[in-house]
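This briefing goes through selected features of one structure, grouped by topic. The sequence and structure come first.

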Amino acid sequence: MWNLLQIELFKISKRPRTYIAFAAIFAIVAIFQFAFKADGQSYMDLVLQSVKDSFELDKSKAINGYFMCYIILNTLLIQVPILVALIAADSISGEANMGTLRLLISKPISRTQLILVKFAAATIFTIFLLLWMAITALFMSLLVFGADDMLIFRVKGEESQIMQITKDDIMWRYFAAFGYATVALTVIAALSLFLSIFAENSIGPIIATVCIVIVCTIISNISVPIIDKNVKPFLFTSYLVGWKGFFYIATNAEGVPIKGSLENWPAIRKSLFILIGHILVIVWASIAVFNRKDILS
Amino acid sequence: MKISNYMKTSNSLFFSIGLILLSMSSQAQDATALLKKVKATMDKVNDYEADGRMKTNVTFLKVPEAEVKIYFKKPNKLKIKNEKGISFVPKGAVSINLSSILNGNDYTVIDAGVDKIAGVNVRVIKLLPLDDNADVVLSTLYIDAVNNIIKKAKTTTRLNGSYQLEMTYGKYVGYALPDKIIFTFNTKDYKLPKGVTFDFDDGSESKKTATPGNKSGMAEIVFDTYLINKGVVDANF
Amino acid sequence: MSSVISVSNLSKKYGNIQAINDLSFTVNKGDVYGFLGQNGAGKSTTIRMLLTLIAPTTGEIHIFDKKLSTHRSEILNNIGAVIEKPDLYKYLNAYDNLSIFARMSGLKVSRQLLMNQLQMVGLADRAKDKVKTFSQGMKQRLGIAVALVHNPELIILDEPTNGLDPQGIADIRNLIMRLSKEMGKTVLISSHLLSEIEVIANRMIIIHKGRKIIEGNVAELLDPSHTVIDIDAVDNEGAKAALGTSRWATYLQPGKSLQLMMNKELVPQLISELVAMNIQLLSVNSSHSLEKYFLSLTTNSAHVEPFTN
């Protein structure tokens, strides 16, 4: 199994398209950092426009490395599924397209093993992608913008909130958030892998994955009670942004944040379980479908 | 208090009107004198640098207690800084600098009698700006006439709602510098522009607040130390 | 002689289409077994079933006397295959491709082993070149290197000469000969050309529309006594009458055309006697009856009569 995984990772590492994802992340992060370095004030003015008459804030301190990473992740984590799909959706379909799938299947490896190895490789790719994001979006931002307390602007139900987390209480939240994001993106990897079983080139499954993510995300963001109650809990995309839960700090009765706390850990834990459940079901389905599939490519 | 004054003098209308006018004018002079004394106490401070802690209590703002430095320089420069982190500083907090209210003579002074704050007798004095276009419509000061210090100040503005300062004094009472200020102010409700975030909806219901629109907020500053008249560089403002 | 492949009553249905219909055959140890059929006859489907790419609808496959469905890994470990086009990872070089598939067969690979293998197919000097720069023939050779690297007992080659130039075809033939004669491997080779099977296979099967037409030794099936002679003369009726009264009458085939079936050795005598009988000849063609039959499958695929000698 380890031998197969090494082979799989070797193949991924030799493909030019693997590095597209890393380059894309770097480019997006760098553009963000440049834009905020040049004109972060406008962004702050925008988010704070309704209270700008009541409060004064040192905006240059508010736009710090921690805040930047949050802003970047907020945007980037919507696009990263595409990058994960780029590799994961190629898992089986790419081999079918190249004609190597029939050779793989005629080797003394079970199809179950092959799916598990492909899934493991896609997961490792996802982890590397997130590590790269951590390096660029978090550590590079800290280098460029420095560290300070972090402001979280959030809409909770009917009301908007501004939460402040002190700078010594942030790093562990990012580790947890990146961990959570890994699980969330692994669902995408599993989904792409599943779809790639049915196709003979990777374009179809990439587009299908992206479409599913976009459609579900749109539905997840429609605020209609009937959808909120009956549809959203069943969409995995509702849980993709759960990493933010690690930045929702609990407050005491006076509204003062409690250091080291989470507002709703049970909700995050539940989301994690739901995502892991998705992964298990999708990988199981992939194995079941792939084992019954006639390889005609 | 004011009403009871009127009641006492209601026996004879003419007499009482005369008395009221007389008492108002003498009291007004009295009040102006008191204000002068207060101002004199405050004038002892040319500048200060203080260490303190600021607690903010606004419904939409979940911020920790901040260690702050407060810089003041005559006539009306004031800055609250959080050097260890970031802080939302209520804009009206500049009026912690009361001398800005007392500066100049372009207001009418009305003596509004006496009251009690935390068991201490205080004189209530209202200031009406003469300029019809001034933002401040009315300021009410509650003055401890023994120490010549302002214990409480309420200010009503045309555009920025009303705010209130409550001060507790300790060892810096001689300089009219409080140990603690509670600043109550009006703020608009915070509304995040649409489309800025995709939030994680954890399924918990948020409790709806009763009054949308304007909210009252509170900031409490506890002063630990003052460095008085040691000079503060302008770069701090 | 023990059997290496034993297929019994194999069928495969895709929806309503019967791709393979009750197919049985046996490949013995050391055979070069020709798997002959027109395009679409079911050769590839059968080969894919032997390699577990496709699951049979009914029937059983035994390889090395073990049931394929239950001893899959064990069996596949001992098979090397090139299925249709020899497709490999285009973005990897020849060496890496070979290395990957060798390791997948559970082999402990050494540089020496891989280079030897590349040497054998004449690609040692191209080891570090990406496969996307290779010609069809080079890919084919690399594909064979991949199929052979783990030293399997059974080698399955699906149309290995497709798309090759004459030199390439000759190279493949020589290689198969060597594998069989020198190394004692069992080889199953599919083709749609009888002429190709004829020269390298010792046993063969012809399938058509998923059914077996005939299976046997190539020498017996292509027995020269079953050579068909087609004669075209200026006066075919006259020639037929003349032959009907000669000693060749027994070889004369019924039907309109002038056709005889006999041992190929007799053809020169026949021609000289026809000339002696003053029959003016336009052409004399000899071909094997099986070849003729096989060709008829292509031209007349709607109706297939069973092959009879």
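At 7% relative accessibility, Tyr226(B) counts as buried, where buried means under 20% relative accessible area, exposed over 50% and partly exposed in between, with a 1.4 Å probe and protein chains only. The model is predicted: local features need pLDDT of at least 70, side-chain atom pairs count only at pLDDT 80 or more, and totals for chains, interfaces and linings use all residues. Residues are numbered from 1 along each chain as its sequence is written, chains are lettered from A and ligands numbered from 1 in the order in which they are written, and side-chain values use heavy atoms, without hydrogens and water.

**Aromatic pairs**

- Over all chains, the whole structure holds 32 aromatic pairs; rings of Phe, Tyr and Trp (its six-membered ring) pair if their centres lie within 6.5 Å, with planes under 30 degrees apart counted as stacked, over 60 as edge-to-face and the rest as tilted.
- Tyr70(A) and Phe247(A) form an edge-to-face pair, because their ring centres are 5.2 Å apart and their planes stand at 75°.
- Tyr70(A) belongs to helix α4 (residues 65–88) of chain A and Phe247(A) to the loop between α10 and α11 of chain A, so the pair ties together parts 177 residues apart in sequence; helices (H or I, at least four residues) and strands (E, at least two) are DSSP runs, numbered from the N terminus.
- Tyr70(A) and Phe247(A) are both buried.
- Tyr172(B) and Tyr226(B) are also edge-to-face, because their ring centres lie 4.7 Å apart with planes at 70°.
- This pair links distant parts of the chain, 54 residues apart: Tyr172(B) sits in the loop between β10 (162–169) and β11 (178–188) of chain B, and Tyr226(B) in strand β12 (residues 214–228) of chain B.
- Tyr172(B), at 14% relative accessibility, counts as buried.
- One aromatic cluster includes Phe32(A), Tyr43(A), Phe153(A), Phe60(B), Tyr163(B) and Tyr190(B).

**Sheet in chain C**

- An open sheet of 6 strands has the order β6-β7-β8-β3-β9-β10 (chain C), with mixed pairing; two strands pair if DSSP finds at least two bridges between them.
- β6 (79–82) and β10 (211–217) of chain C are at the edges with a single partner strand each, so one side of each has no neighbour in the sheet.
- From one strand to the next, the twist averages 15°.
- β6(C) and β7 (residues 154–158) of chain C are parallel and share 4 bridges; Ile79(C) stands opposite Leu154(C), and Ala81(C) has Ile156(C) as its bridge partner.
- β7(C) also runs parallel to β8(C), with 5 bridges joining them, and there Leu154(C) stands opposite Thr186(C).
- In β7(C), 5 of 5 residues are buried: Leu154(C), Ile156(C) and Asp158(C) point one way, and Ile155(C) and Leu157(C) the other.

**Helices in chain A**

- The axes of α7 (residues 111–145) and α8 (residues 171–196) of chain A come within 9 Å and cross at roughly 145°; axes are lines fitted to C-alpha atoms, for helices over the stretch in contact, and angles run from 0 to 180 degrees between N-to-C directions.

**A buried lysine**

- Lys232(A) is found in the loop between α10 (225–230) and α11 (265–292) of chain A, and is buried at a relative accessible area of 12%.
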